[in-house]
Amino acid sequence: MGTIVESWTEWDPLRHVIVGRATDCHIPPNEPALEAKVPEDSDMRGQHGKRPQEMIDKGNELLDNFAAMLEGRGIIVDRPTPTDFSLPVTTPDFHTDSQFGCMPPRDVLLTVGKEILEATMSYRCRWFEYLCYRPLMQRYFDEDPGFRHEAAPKPRLTDADYHDNYLSEKIGVEQRLKWAAEKHFVTTEEEPLFDAADVLRFGKDLVVQHGFTTNLKGIEWLKRHFPDHRVHTVNFPGDPYPIHIDATFTPLRPGLILNNPQRRLPDDQRGLFERNGWEIVDAAQPAHNQPPALCYSSVWLSMNVLALDDKTVCVEASEVYQADQLDKLGFEVVPVDLRDAYAFGGGLHCCTADVRREGGLQDYFPKQ
Ligand code: DAV
């Protein structure tokens, strides 16, 4: 049987998925979006170039094992085709000396129903990342007459896209938290920008994080692009480096969301969930005090879980507190060894993108 593209939620039964690769992953040279995101005390500051081959090999081994486990459960798994990430990106508007990688398809590809939408992205080093997925998109297009392949307008990413006052490594966490609370993020409103990983799918409702990688114009673009959906803007003031919603707010099944206790959804944004009887619970503490070496993400990848259906969740194997919490909430927990692949772009949710989940379009928030 050929491919069918269709997925409306984060938790319906997973049947077909893309799992990323660590191959050729680079630490990109500095650029405005990265200057703002790489934590001030990170070991990545001042470094760039291809990551050590033995770390890449280890990352690929873990990603391959994860893919094989999913296949063992009857899920179809596809993989991207890495391009040469040592190549620069040059457009009429900007130049950067190298690219990034293709470990986190979740950042680039947004599956909504029968559509897969390539996000604009906001990092110059990630401008061409969609190319790694084009062989798959072409095949899905050939195999599934209902598949809608879409791409958001490529952004220009000139200096006008970034606020100057974020371009310093000495801002300090206090100032960052103040800015986050004021919704002053590194990206300006010059043009629509969004990463796919800032969007969560709840049937007829899409919940989108406004932060470093997605601006209000990007959210407005999504509203116009998905006129049959209700698009809700959220933000999480407790996060000094707000990129991607998937280590902050994690829906697990209808009625239940895990929320990062350091990045709680503000009270005035809870109405939609409360009116419709959804529970938002604090996620368990991460098992680690530090992210692994040369990693962009925080320790909260602990809650970057992948739901295989509304009763079964993949959790990183060392995240014992998160696993225990999910067990107590009634889930079957599938432990997956992935920590040594985090540095290539994130956790279990990041390194996957939905092609098909069973189930049709439903309204989980009838009381708007
Ligand atoms: O907490 O560092 C990571 C999100 C990756 N998609 C964090 C956010």
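## Cavities and ligand site in a predicted model

By class, five nonpolar, two polar and four charged residues make up the lining of the second largest cavity.

The residues that line the second largest cavity are Glu10, Arg106, Leu109, Leu110, Thr111, Ala196, Val199, Arg201, His349, Ala353 and Asp354. Three strands each supply at least two residues of this lining: strand E7 (109-112), strand E10 (199-202) and strand E19 (352-357). The largest share, three residues, comes from E7. The volume of the second largest cavity is about 60 Å³.

How many cavities of 30 Å³ or more does the structure hold? There are two cavities of that kind. The largest cavity holds about 90 Å³ of space and is lined by 13 residues. Of these residues, Glu10, Thr250, Pro251, Val305 and His349 lie nearest the centre of the largest cavity. The elements that give two or more residues to the lining of the largest cavity are strand E13 (249-253) and strand E16 (306-309). E13 contributes the largest share of that lining, with four residues. In terms of residue class, the lining of the largest cavity divides into eight nonpolar, three polar and two charged residues.

| Residue | Ligand atom | Distance to a side-chain atom of the residue |
|---|---|---|
| His244 | nitrogen | 3.0 Å |
| Asp246 | nitrogen | 3.0 Å |
| Arg263 | oxygen | 3.0 Å |

For His244, the side-chain atom concerned is an N or O atom, and the side chain of Asp246 likewise provides an N or O atom. In Arg263, a polar side-chain atom lies 3.0 Å from an oxygen atom of the ligand. How much of the ligand does the protein bury? Taken alone, the ligand exposes 280 Å², and the protein buries 97% of that area.

Key
Residues numbered from 1 in each chain as written. Predicted model: local features only at pLDDT ≥ 70, side-chain atom pairs only at ≥ 80, totals over all residues. Heavy atoms only, no water. Polar contact = N/O pair within 3.5 Å; in protein donor to acceptor, adjacent residues only side chain to side chain. Areas by Shrake-Rupley, 256 points an atom, 1.4 Å probe, with all protein chains shown as cover. 1 Å grid on protein atoms, 1.4 Å probe; cavity = no way out; pocket = protein on both sides within 12 Å on 5 of 7 lines; lining within 4 Å. Points joined across faces, edges and corners; volume = space filled by probe spheres on them. Nonpolar A, V, L, I, M, F, W, Y, C, P; charged D, E, K, R; others polar.
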